[in-house]
Structure formats: C-alpha cells, structure tokens
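Q: I'd like to learn how to read the features of a model like this one. Could we go through it together, starting with charged side chains?

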Amino acid sequence: MAFSLDIRGDKAHHLPLLVIIYIASHFPFVLSGFGEIDATKIAVSVIDIINHGPHAAFANYYFTDVVPLYIAYLKLCMKLVNYDYSYLPLVMNYTNAVAGTLTVIPAYLLIRRLWNNSIIAFCTVFVLIFSPSYYQAGLMGFPHLISLFFLLVSLNFYLAAIDHIHKRTAYLFMVFSAVFLTVAFLFKSDIVLVSGIYIGLLFVRIVKDKDKIAGGLLIIIISSLMFIVCRGMILGTTGGTTMSGEGLSKWYEYSISIPHTPRHFIRQAAPIVYGAGIVTSCLGSVLLVYFLLNKRLDILAFIVSWAAVPTLFWLVLIGNNARHNMFSVLPLIAIIIVFFHEKLPRYTIVLSLFLVLANYFITAPSYSILKPSGNLLQSNLLLEERMQMFRSRAREISSMPEKKIAVLGTFHNAHVVYDLMISSPSYEAVKIGREHYKMLIGDREYMFFYFVVIKPEDIEKGASELTKEYNLSDYVFVSASYDLQSLDALGLKTKKIDIIKRAEL
C-alpha cells in the first residue's frame, strides 16, 4: 500500500479508544518516586537553581542546557506549590503521563495521513503504547516524551504543508511546524537527531516544489537557531556542557565509545532492541531487508530518515539507555503494521495484538530502565520496589549522625542530595571537581564523589587517592553502590549500609 492523501475507511472511534487504552494502562501505575538517576539529577538541578541561581553548584548536575524549557516548566510548578520540593517526583511523573496521552493524538493523525488508513494508524499506535521504552517513559519523569509530542505535532503541520496546494496556507503550516519543532528542541534537544524525517517526507511524497523543499530545510535550520537563542533567554549564562564548543567536544571525547568487540556491540545495542521490544526489533530488521529487496523506496525513506541517525548515535555513546532511542520506535512499528496490512489485511489488529504479547512473553519481568522488559505490569511493580529501595538508602545516609560524611557512588548519589535538599533548605553547596560536590548543612559536611569501580581493588586505590586530594582522613565513608569494608585496612572510617546490587542500579 503506497502513501496517499485520500483517507479511506476512517473509524471515528479509533482515536478515543487509543486514548482510553493509554490512560487505563498508565495512570494507575505512575511511579511515586523518580525511577531513574537522570530524573533525580534534574530535580536536584531545579532545586539548586531556584535557591542559588543559574550558577548554583548543581545547576548542571544533569545537562540542563539540553532541557531548558523543562527546567523553566518545573520551576513554575514549584512556584505554584509554594516551593514544596517533595512534589517534584509526582509533578515530573504525571506530566509524562499526560504528555504520553497527548502523544497518542498526533501519532495517530500522522500515520493515518501517511497511509490513508485508520486501521494502520490504530494498530501502530496501539503497539507503540505497549512498547517497553515508550510505556516506561509514561510512568516516570523525563522530558523525552514531552519532546516527542511536540515533534509529532510539528510533523503533522509539516505534512499538511507539503500536501496543501495553496502556497500561502502551506507557508503558514510550515511556520507552525517550525514553532513546534523549536519547542520540541527546548524540551530535549537531542530530538534534533530525528530531524532527517523533514527531508525524508519530501522523498516519501515525491515533492518537486522547490519552495517546499527549501521550507523543509529552513524548518530545521530556523528551529535549531531559535533553540540556541531561547535557551540563553531561559537559562541565562551557565556553564552547561553544550553551551560551548569546548565543553561539547570534551563531553564527546569522554562519551563516544565505538563498539570494537561483539560483546561491546551487544551491550551498546541491547537498550535499543529491548526498548522497542525484542520481537519488534527483530521483525523490523527483517522487514527492512524485505522492503529494500522489493525497492519500496517510500517506506525506506520514511524509516531511514527518521531512525538511522539516532540509532547509530546511541550505538557509540556510552551509558546507552532504552529511552534514548524511544523517538525511533514509532517508524519501526509503522513498517511492521504496514506489512501486516498488505499481506493479511483482515488480521492486522490480531497480528498487532500478537506482536504486543510476543514482546510480553519473550522477556521476564525486569526493573531495568536500560533494557526494559515487554512484561510491562509486573516490571512496573519491580521498578516501584527499586525506587523505594533507592529512597530508603538515601534517607539512611542523609540521617547519619556523623558530622563529616564522604559518599562514594554514581547512580545513588543524586537521591541522597535530593533528600538533603528537601529536608534542609538552608544547605550550601559547591562543586569541587568534574562531578564531585560538597554540601554544608549546619555543622555537617557531605562530600559526594562520582566513583566508578571496574575491579574490586579499584575501591582501595580510588578512596586512597580521594583521601589525599580532598583531605578526607576524618570523614566517614559510606556507599549504597559499593562494599567499603576493604577501606578499614587503610585506616579509613566506614559505615555499612545494605548495598544495592549492581544489576539493580
């Protein structure tokens, strides 16, 4: 079935039904806590920016310069609740639940317009709702899902502009498209990786109008420039990683890791595969070859222009996470549903349901945010338990009676910082290293160190180096990530708490 402008077989109940399915499958399971480290880091940044301005110690604890509008939104929300920061997790999580619900609408409209068929649109969005990375994104707070909503709205206006025969109306639609794409960038700027779809749709629609072709390029360029201008207006002057060429180059130098062994490649690719669903990823890969052999250039232009760059980008960046490639799940599902509809049109809905169930049964329930399971509901219960565990360890550390405490870890430190901030508003904080921080609360001092252990002996070596550099001999060392018992032999003071297993981080 080729792309077309004539929408046939439209079913008025499809879109409302999808919205109901999303609400019923998500809202009862929204997390009460952060659920992941980066969301916690964003919350810490928001609190410190509100308390101490754009140059606060934790202002760039997460890359706030890539989520400027999200920071502004959360600051406004905190003002509305009289700066009760304990509400931050709920605000962030339910914002995503609402954004996910709204995303259903432009996703459905976009696919329906592209394939002139409401069955294809319904089944594509239905499978999307239950794809692991997309489902999980609707339960916890992070701006990827909000950004995806505005991208889809922008693409709907852009497609309407391409299809419209009256140039003035087409130009107006392109203006709206650029505005919504700018907003998408401001909520999460790495959505720029999928901007190739604005060029891909020109090939899909076989557009020959030079003004419309130029319009597609201008939308990307203008939105990118507006993002840079608006980011500065929202955040002010800040030392964020992407605010300067030097900072960005250093980050890339640290982060890029080209897969050089099969094991390394599998580790990098696993979040991408699990995020879409294992069966979805495997079937989609096979169908890419199928459409290539059958010279379906329209479908190939659609998915490659949308998904190729972000997929390759996250294959080579360390710390890959299922949500990183969430933007690319929709086109992958779409080509699968198109194949179902072309080969067995009467069974498209049934086959779509089987696809969801196959993803459900092929993986065991998991609390992982790196490689989420298709077994969604049970996985969410495990994720909730994991979040509660993080919260309890953070409170255990923040309530320690010792006056000088050195916290060693990576994934858990932000939870401790957040707990201290909401319980002690008069804190003072200073950044003392690349990712090291010091907090003063009354007569207590907390030192937080980004501490990565590859081999067991790294604990003693790393702690010894930190002790010399920061004069920590009279500090009590504690960690929710690592067993520090071996530090006793170095004459360092430690306090034991239950360790969160690495697999649970």
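A: Happy to! A salt bridge is a side-chain nitrogen of Lys or Arg within 4 Å of a carboxyl oxygen of Asp or Glu. This is a predicted model, and it holds 16 salt bridges.

Q: Which side chain meets Asp163 in a salt bridge, and where do the two sit in the chain?

A: The partner of Asp163 is Arg205, with N to O at 2.8 Å. Asp163 belongs to helix H7, while Arg205 lies in the loop between helices H9 and H10, so the pair links distant parts of the chain, 42 residues apart. Buried means under 20% relative accessible area. Asp163 counts as buried because its relative accessibility is 13%, and Arg205 is buried because its value is 14%.

Q: Now for pockets: how many residues line the second largest pocket, and which helix gives the largest share?

A: There are 19 lining residues, and Ile272, Ser285, Leu288, Thr311 and Leu332 lie nearest the centre. Helix H14 supplies the largest share, six residues. By class, the lining has 14 nonpolar, five polar and no charged residues. The space in this pocket is about 440 Å³.

Q: And which residues make the nonpolar surface patch of about 700 Å²?

A: Leu344, Tyr347, Val350, Leu353, Phe354, Leu357 and Phe361 make that patch. Phe361, found in helix H16, counts as exposed because its relative accessibility is 64%.

Terms used
Residues numbered from 1 in each chain as written. Predicted model: local features only at pLDDT ≥ 70, side-chain atom pairs only at ≥ 80, totals over all residues. Heavy atoms only, no water. Patch = residues over 30% accessible without salt bridge, like charges linked within 9 Å, V, L, I, M, F, W, Y side chains within 5 Å. Areas by Shrake-Rupley, 256 points an atom, 1.4 Å probe, with all protein chains shown as cover. Helix = DSSP H or I, 4+ residues; strand = E, 2+ residues; numbered from the N terminus. Buried < 20%, exposed > 50% of the residue type's maximum accessible area, 1.4 Å probe, protein only. 1 Å grid on protein atoms, 1.4 Å probe; cavity = no way out; pocket = protein on both sides within 12 Å on 5 of 7 lines; lining within 4 Å. Points joined across faces, edges and corners; volume = space filled by probe spheres on them. Nonpolar A, V, L, I, M, F, W, Y, C, P; charged D, E, K, R; others polar.
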